[in-house]
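Me: I am new to this structure and would be grateful for a guided reading of it. May I put a series of questions to you?

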Amino acid sequence: YTRGTVAAFSPFDARADAEALRKAMKGMGTDEETVLKILTSRNNAQRQEIAAAFKTLFGRDLVDDLKSELTGKFETLVVSLMRPAYIFDAHALKHAIKGAGTNEKVLTEILASRTPVEVQNIKQVYQQEYEANLEDKITGETSGHFQRLLVVLLQANRDPDGRVDEGLVEQDAQVLFRAGELKWGTDEEKFITILGTRSVAHLRRVFDKYMTISGFQIEETIDRETSGDLEKLLLAVVKCIRSVPAYFAETLYYAMKGAGTDDDTLIRVMVSRSEIDLLDIRQEFRKNFAKSLHQMIQKDTSGDYRKALLLLCGGDDE
């Protein structure tokens, strides 16, 4: 069961696809249309098979060929599509913490939205691929309460959903109220522990109870009482507890809204959610922003890059 827009293509023939891609890139000029049509209509596992067939048939590396034939944002998108799914997040995190300056936005987006099982998988893959400990890398590049919450999320020990105890809901809501609105200066640690470790079902009830007690949405309090990277991470965690697809709909909206497009975010979200919940993200987008994701991509991008994104998007929600 998946709510993705991209599924396994059938009937699938890896060799035929590899031959079509080689032909599209051989000689003068590249037939980008063929490249984007094939790669957006096969799922990630099939793309890996095409790359293997490509090497078998021609002794060439498909990703290297794509990099040398394509340019710009279209190239970035296609190379992202070719990255093995299980490596995708680990690779994004690796690049977010390498070199000068850390990309907090990427750390926030991935660690706030992935399930505990996904986070365990990311840590394992990171260790295997890069022979480094992800937690060590992240703590080396971050600090303060922002760092602490990232570490809590990296433990991937969120309580599993079970029967919700209303007494504990009331207690957590009161603790958050006292730690935020009622306190001069905020007790961030309480927010970190509760938002980072309680079950999703429990926290949804806590947010309702918090509203009843304080008269505020928890987001409003976080907005007022915290700032900077910690604020962004706390808000992302709260939004993902409420609804992961709604969180990504908002992420995509703000990546395209206003002047200039945050193409890295647009590509990362479209590729990483294409086989998971992009249909739900589209639905939330339509509901919350009075236009469809399809319409916004159409307006905000151009060329082969736009064509490929629209094929990944999969349809317009009028």
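Me: What area is buried between domain 2 and domain 4?

Reply: The model shown is a predicted one. Its domain assignment lists domain 2 as residues 86–155 and domain 4 as residues 244–313, and their C-alpha centres lie 23 Å apart. The contact draws 8 residues from domain 2 and 11 residues from domain 4. Carbon and sulfur atoms give 57% of the area buried between domain 2 and domain 4, which is about 810 Å².

Me: Which element gives the most residues to the side of domain 2 that touches domain 4?

Reply: Two elements each give two or more residues to this side of domain 2, namely α6 (85–96) and α7 (104–113). With 5 residues, the element that gives the most is α7.

Me: How far apart are the closest N and O atoms in the salt bridge of D262 with K105?

Reply: Between domain 2 and domain 4 the count is 2 salt bridges. A salt bridge requires a side-chain nitrogen of Lys or Arg within 4 Å of a carboxyl oxygen of Asp or Glu. D262 and K105 form a salt bridge, and their closest N and O atoms are separated by 2.7 Å.

Me: Why do the buried residues of helix α4 lie on the same side of it?

Reply: Helix α4 spans residues 62–69, and its buried residues are L62, V63, D65 and L66. They lie on the same side of α4 because the arc they cover around the axis is only 160°.

Me: Which residue caps the N-terminal end of α4?

Reply: The buried residues of α4 are covered by elements including α1 (14–25), α2 (32–41), α3 (44–58) and α5 (72–82). At the N-terminal end, a side-chain oxygen lies 3.0 Å from the backbone nitrogen of V63, and the residue that provides this cap is D61.

Me: Is N44 buried or exposed?

Reply: N44 is found in helix α3, where its side chain makes a polar contact of 3.0 Å with that of Q48. Beyond its neighbours within four places in sequence, N44 is in contact with L81, R83, P84, A85 and E275. Its relative accessible area is 8% and the cut-off for burial is under 20%, so N44 is buried.

Me: What distance separates the C-alpha atoms of D172 and V206?

Reply: D172 belongs to helix α11 (residues 166–179) and counts as buried, at 4% relative accessibility. Not counting residues up to four places away in sequence, D172 touches I194, R198, H202 and V206. D172 and V206 are 34 residues apart along the chain, yet their C-alpha atoms are separated by 6.6 Å.

Me: What is the phi of A156?

Reply: Most residues other than glycine have a negative phi. E131, in the loop between α8 (116–130) and α9 (134–141), has a positive phi of about 45° although it is not a glycine. E131 is exposed, with a relative accessible area of 71%. A156 is buried, with a relative accessible area of 12%, and its phi is also positive, near 55°.

Me: Is the peptide bond from S10 to P11 cis or trans?

Reply: P11 lies in the segment before α1. Most peptide bonds are trans. The bond from S10 to P11 has omega near 0°, and it is cis.

Conventions. Residues numbered from 1 in each chain as written. Predicted model: local features only at pLDDT ≥ 70, side-chain atom pairs only at ≥ 80, totals over all residues. Heavy atoms only, no water. Buried < 20%, exposed > 50% of the residue type's maximum accessible area, 1.4 Å probe, protein only. Helix = DSSP H or I, 4+ residues; strand = E, 2+ residues; numbered from the N terminus. Arc of directions from axis to C-beta. Contact = heavy atoms within 4.5 Å. Polar contact = N/O pair within 3.5 Å; in protein donor to acceptor, adjacent residues only side chain to side chain. Domains from an automatic or database assignment. Buried area = accessible area lost by both parts, 1.4 Å probe.
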